[in-house]
Amino acid sequence: MRFILFLCLSCLFLNCEDKQSKQKNKTQELKTETAADKPKLVEPKKRTYPKLTDKNAMEFFLKYGEENKENKVRITTDFGDIEILLFEETKYHRANFIFLTKQKYFNGTQFYRVINNFMVQAGSSDDIEVGRKRANIGRYLLPADTKRGFKHDRGVISMPSSEIDNPHKLASPFEFFIVQQHGGSHFLDGDFSIFGRVTKGMDVIDKIAAVETDDADWPLKNIYIRNVEIIQ
């Protein structure tokens with residue numbers, strides 16, 4: 001009788017120990033799975049420049065231009081590549097374009113105004129993401145720089161004036177236009193700031209200028225800037 005009682009107690013003890021072991025293993029597995037499934041927090045990139053305004057933009061670009069001497073860029077479009085030389089003489093506008101290029105601002109913007117035998121204008125879009133990019137960079141205008149002796153010859157890149165009431169022709173920093181007209185568009189001289197010229201890809205400009213547009217000169221089929229990058 002004692003032997004039978006001992007045997008029953010032993011079985012009960014072993015059964016409890018086995019259940020505890022299984023429960024412990026199950027808990028460990030649960031903890032392991034939870035840790036593996038938890039997403040890792042990504043450290044946000046620290047802002048390396050101030051939010052730009054009309055008050056701080058000129059000082060910022062003066063210093064930025066001294067530290068970033070690049071003056072050649074390549075614009076990749078749906079129609080091919082355009083290479084541009086930025087003029088040293090228009091230092092604020094050069095620095096601004098290099099800055100926006102390095103911030104990847106132009107990527108995804110469009111040639112949104114096209115007039116054949118006149119010019120093609122780019123740097124904006126109806127995409128909400130472009131508006132977010134601008135808001136993140138800041139709100140500012142650039143001063144006119146029109147007395148360097150440059151003319152609106154075919155192939156020059158120039159900055160349009162802001163759409164706001166603007167008697168001083170302050171430039172919209174996010175947009176640009178390239179003169180496509182053979183013989184140039186010299187009636188623009190003195191009103192808009194020329195800050196570079198196309199060195200390669202005027203055939204691409206001609207293709208863009210030839211597309212069909214609506215009554216507001218917006219291409220019927222969007223023409224995207226896929227990438228803008230610094231080149232040597």
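This is a predicted model: local features need pLDDT of at least 70, side-chain atom pairs count only at pLDDT 80 or more; totals for chains, interfaces and linings use all residues.
At what angle do α2 and α3 pack, and how far apart are their axes? Residues are numbered from 1 along each chain as its sequence is written, and side-chain values use heavy atoms, with hydrogens and water left out.

Now to the helices, which, like the strands, are DSSP runs numbered from the N terminus (helices H or I, at least four residues; strands E, at least two). The angle between α2 and α3 is about 80 degrees, and their axes lie 9 Å apart; axes here are lines fitted to C-alpha atoms, for helices over the stretch in contact, and angles run from 0 to 180 degrees between N-to-C directions. The two helices are therefore roughly perpendicular to each other, a term that covers 65 to 115 degrees.

On the α2 side, the residues in contact (heavy atoms within 4.5 Å) include Met 58, Phe 60 and Phe 61, and on the α3 side they include Tyr 92, Ala 95 and Phe 99.

Let me turn to the rings, where a search of the whole structure finds 18 aromatic pairs, meaning rings of Phe, Tyr and Trp (its six-membered ring) with centres within 6.5 Å, counted as stacked under 30 degrees between planes, edge-to-face over 60 and tilted for the rest. One of them is the edge-to-face pair of Phe 60 and Phe 99, at 5.2 Å centre to centre and 75 degrees between the planes, which links α2 (residues 57–67) with α3 (residues 91–102) across 39 residues. Phe 60 counts as buried at 15% relative accessibility, and Phe 99 is buried at 1%, where buried means under 20% relative accessible area, exposed over 50% and partly exposed in between (1.4 Å probe, protein chains only).

Phe 97 and Phe 176 also form an edge-to-face pair, with centres 5.6 Å apart and planes at 75 degrees. Because Phe 97 lies in α3 and Phe 176 in strand β6 (residues 176–179), this pair ties together parts 79 residues apart in sequence. Ring pairs link a cluster of residues, among them Phe 60, Phe 97, Phe 99 and Phe 176.

Definitions and conventions
Angles under 35 degrees count as roughly parallel, over 145 as roughly antiparallel, 65 to 115 as roughly perpendicular and the rest as oblique.
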